[in-house]
Amino acid sequence: MGAEQPQQAKGRMRTDHPARDLAGLREWAGTAGSRPQPERLADRSDTHGTIDFEGGRCTVQAGPDGLTLHVEAADRDGLRRIQRLITERLRETGGPDAPPVAWEPAVATGPRPRHGTKLGIAAVVVLVVAVHLGLGGLLLASGPWKHWALAAVLAALLAKTVYLLRRRAVRRGQTRRAH
């Protein structure tokens with residue numbers, strides 16, 4: 001099993017006081033305490049803030065009707081941890097009537113599947129067929145003792161092709177299940 005891919009999530013919190021809530025996040029990020037907190041406040045303005053965490057980052061944008069949050073993390077657990085910390089802090093800042101943060105599902109940000117692989121597979125198949133035809137022609141034109149050697153080469157090429165195609169099918173299945 002390979003390493004997890006980087007994750008992203010977006011959140012939205014509708015509030016009548018976006019500047020106050022952003023200021024609360026900035027204050028929290030700028031102080032040290034006993035509770036889990038971000039590493040540091042990386043960037044800020046009156047309408048924007050970026051908070052760095054261990055293994056991730058949260059970017060907050062204050063708009064006229066609320067906050068927009070964008071979280072990036074190295075893995076799914078880190079993403080959930082940052083989302084939880086931000087959500088808890090916004091609840092503390094907004095008081096008992098604080099609106100909830102609506103998080104969109106996490107999205108993997110790793111490399112996307114390459115397009116054009118069908119053309120690549122077709123080229124490999126054509127190449128394999130051409131090699132087999134060429135070796136088959138040699139087999140027919142050669143003497144009886146060379147039949148075994150060429151048959152072994154053909155069997156090895158066939159086995160390798162089957163192995164590669166099967167491995168590719170397994171990887172595709174794992175990628176589809178992950179999404």
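Mentor: One term first: buried means under 20% relative accessible area, exposed means over 50%, and partly exposed is in between (1.4 Å probe, protein chains only). This is a predicted model, in which local features need pLDDT of at least 70 and side-chain atom pairs count only at pLDDT 80 or more, while totals for chains, interfaces and linings use all residues. Residues are numbered from 1 along each chain as its sequence is written, and side-chain values use heavy atoms, with hydrogens and water left out.

A salt bridge here is a side-chain nitrogen of Lys or Arg within 4 Å of a carboxyl oxygen of Asp or Glu. By that rule there are seven salt bridges.

Start with Arg12 and Asp65, whose closest N and O atoms are 2.6 Å apart. Arg12 belongs to strand E1 (residues 7-14), whereas Asp65 is in the loop between strand E4 (56-63) and strand E5 (66-73), so this pair ties together parts that are 53 residues apart in sequence. Helices (H or I, at least four residues) and strands (E, at least two) are DSSP runs, numbered from the N terminus. Arg12 has a relative accessible area of 24%, so it is partly exposed. Asp65 is partly exposed because its value is 36%.

The second pair is Glu88 with Arg84, where the closest N and O atoms are 3.7 Å apart. Both residues lie in helix H2 (residues 76-94), and they are four residues apart, which is about one turn of the helix. Glu88 counts as partly exposed because its relative accessibility is 34%. Arg84, with a relative accessible area of 41%, is partly exposed too.

Are the two partners buried or partly exposed? Arg89 counts as buried because its relative accessibility is 15%. Glu92 is partly exposed, with a relative accessible area of 42%. Salt bridges can also share partners: in this way Arg12, Arg14 and Asp65 are joined into one network.
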